[in-house]
Amino acid sequence: MCWNETLPLLEVAGLTTKLVLKDRTVHAVDGVSFSIDAGEALGLVGESGSGKSMTGSSVMRLLPPGGRITAGSVLLDGRDLTTLSEKEMRLVRGKDIAMVSQDPMTALDPTMTIGRQVAESLVIHRLAKPKESRDRVLELLAMVGIPRPEERIDSYPHQLSGGLRQRVCIAMAIACEPKLLIADEPTTALDVSVQDQILTLLRRLRQDLGMAMLLITHDMGVIAEQTDRVLVMYAGRIAESASTRALFRATRHPYTEALLGALPRVDQTATESLYSIPGAPPSLTQIDPACRFSPRCRYATEKCRTVAPATEVAPDGHTWECYHPRDGVRVVAAPAPQTSAVARQAGEPIAVLSEVVREYPVGRSMWSRGALGTVKAVSGISFEVYRGETLGVVGESGCGKSTVGRMLVGLEPPDSGSVTFDGKLVRASRGSAERKRRSRDVQMIFQDPYASLDPRMRVGSILAEPLVIQRTFSRNERAERIADLLRDVGLDEAAARLLPREFSGGQRQRIGFARALALRPRLIVADEPVSALDVSIRAQLLNLMRRLQGEHDLTYVMISHDLSVVRYLADRVAVMYLGKLVEIGATADIYQRPAHPYTAGLLTAVPVPDPEAAEGQHRVAISGELPSAIDPPSGCRFRTRCPRAEAVCAEQEPLLLPFAGAGHLAACHFPLEQAVAGAELESAST
């Protein structure tokens, strides 16, 4: 069938999808309608459980066991995909419509080379011969920006970085130049620099190939920069739809307003708390005749709780389902507590890293007892952490952030240099009385709360464990302490009787936070504590961390690749690259006047939730691959990706020099800001 330019490329009408399970039926998608024109990018945004991914899977007819489309139509080029047999649908997938999934490791076959996997759709849909398909695969790998495709084509997925694996998935999806690409959270687990590269790639491919795209994400910044129109989805329904500019300029639905209010921005100052959406999305096991957002809506009235609102349509096509539409003004919660890292630096630091080095042996040969190489995770890092501050440690994956955090809490020893807490050397010896004493003062919050909580223990036992080990509380005092901890993190006392699997991801992270607080520590190292959470749950956790910092006089080391989160929470920021500290200073100085090109590249790559600001913005994205930590570049390690690099950068390692801001240091031969007078002499003398 030939595409008719007067009709939408994809037209979804009244789509209803149910998941029929043993004990219940989930109404995942309920009467959803939308269209996508050729070459258009449509964003689909909402919290986890809102039905976004299920909508994309329904269009692809790739539903999980028990999933079935019970009503509605999905017209692609006027052809209803819901009426096709599975055999007919296989001829559509990959050829006319393709998908890029969130996790490339589960989307790629670990037993096949990437070349064979990219070639599959060419062989199936175009009956390509082996030589023809290999040439086309090399062309595709080059098109998606994979360096040296001739060397990579015979690699296996585990031999590639996360960003390269995602590029392979995109190459697979565009191999037959489909008319529609469904991108389901394609950058959620990626660093900000890799995310920027992937999004730039998708935008370029849309322009070059004329593809339409359905972009599914919870990131409003990505929506602002990448899409032409937006659908906001909640509890299986479309709550609001509009052009991207209209949605951000004149938000109508309270849910959309709340999502924007919960979003930390890299260009904001932390003068207010993030808006926290109360409660949780409904389970969707039964259809509620009322407005589905009413239990969580600050504007809900009795009418909202009894009768669902009809769809309102503005002259410009902006639609919403709400009795009390908003005026587009961003909602805020309350003024945030103000802090001053500069004032604290007058006192003694609580923790100090001095010329710390940490390396890991890799690849032992069967003929040799020694290692074939070493991963240089941390190479001569020095900085202080001051009492009561939040120090953000940022950088791409593989830069050494988590290794620094593990050394701070004594989980790993440095190979050389020293880590001290309260003037005492931190050692990683297990079971020692010294480590037992230190664990009262220093705790860690891990990125994955489910992996860090014992699935066989109830929450009460998990929280009681450190109290029992330290023998500082009686049985009755432990029970009172557990109840206090659960209240502190916003959980009911009944949570103590439940297992970790009975909680949501955000609730499990609260439990991990409560466990870290159990012994009333003075320093908490938080390793990517909110990276896997929805924007609404993330706002709750960030507000909670701020509140508890004031109540318990806590000091945080916040490890994150999300610069918006660090901007909101941190007093000072340390920027790491490939095991080196390249810049450190007060948050305002780092974000407003970065001196190192790497820092500037990270900041520029962060999507800003403002379509007007994003339009025409000159992005200085960080290009190229992160070099291997086994054999890092000579001189400045960033030089292979730096647009300002010259010959001296390969010959000499730059010194950390002071800049105008108090405590602002950066290591660069050609900085973006001018170093203070005499900085070279001062740095050389120290």
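Q: Let's begin with the lining of the largest pocket: how many nonpolar, polar and charged residues does it have?
A: This is a predicted model, and in it the lining of the largest pocket has 18 nonpolar, 19 polar and 10 charged residues.

Q: And what volume does the largest pocket have?
A: The volume of the largest pocket is about 1100 Å³. There are 47 residues lining the largest pocket, and those closest to its centre are Ser161, Gly162, Gly163, Asp191 and Ser397.

Q: Which elements give two or more residues to that lining?
A: They are α3 (104-107), α7 (162-174), α8 (192-209), β14 (371-386) and α13 (401-408). The largest share, six residues, comes from α7.

Q: Switching to cysteines, how many disulfides does the count come to?
A: The count comes to zero disulfides. Take cysteine 642, which is in no disulfide: the nearest cysteine sulfur belongs to cysteine 668 and is 5.9 Å away, whereas a disulfide needs the two sulfur atoms within 2.5 Å.

Q: Is cysteine 642 buried or exposed?
A: Cysteine 642 counts as buried because its relative accessible area is 16%, and buried means under 20%. Cysteine 169 is also buried, at 6% relative accessibility.

Q: OK, salt bridges now. How many are there?
A: The count comes to 30 salt bridges. One of them joins the side chains of arginine 136 and glutamate 177, at 3.6 Å from N to O. This pair links distant parts of the chain, 41 residues apart, with arginine 136 in helix α5 (residues 130-143) and glutamate 177 in the loop between α7 and β7 (180-184).

Q: How accessible are the two partners, arginine 136 and glutamate 177?
A: Arginine 136 is buried, with a relative accessible area of 13%, while glutamate 177 is partly exposed at 41%.

Q: What does arginine 522 form a salt bridge with?
A: Arginine 522 pairs with aspartate 422, and their closest N and O atoms are 2.4 Å apart. Here too distant parts of the chain are linked, 100 residues apart: arginine 522 lies in the loop between α18 (505-517) and β19 (523-527), and aspartate 422 lies in the loop between β16 (416-421) and β17 (424-425). Arginine 522 is partly exposed at 29%, and aspartate 422 is partly exposed at 40%.

Q: And the salt bridge between aspartate 454 and arginine 456, what is its N to O distance?
A: That distance is 3.2 Å. Arginine 456 is exposed, with a relative accessible area of 72%. Elsewhere, salt bridges that share partners join Arg358, Arg406, Glu412 and Asp415 into one network.

Technical notes. Residues are numbered from 1 along each chain as its sequence is written. This is a predicted model: local features need pLDDT of at least 70, side-chain atom pairs count only at pLDDT 80 or more; totals for chains, interfaces and linings use all residues. Side-chain values use heavy atoms; hydrogens and water are left out. On a 1 Å grid over the protein atoms alone, a cavity is a set of points where a 1.4 Å probe fits but cannot get out, and a pocket is an open set with protein on both sides within 12 Å along at least five of seven lines; lining residues have an atom within 4 Å of a point. Grid points are joined across faces, edges and corners, and a volume is the space filled by probe spheres set on the points. Helices (H or I, at least four residues) and strands (E, at least two) are DSSP runs, numbered from the N terminus. Ala, Val, Leu, Ile, Met, Phe, Trp, Tyr, Cys and Pro count as nonpolar, Asp, Glu, Lys and Arg as charged, and the others, Gly among them, as polar. Buried means under 20% relative accessible area, exposed over 50%, partly exposed in between (1.4 Å probe, protein chains only). A salt bridge is a side-chain nitrogen of Lys or Arg within 4 Å of a carboxyl oxygen of Asp or Glu.
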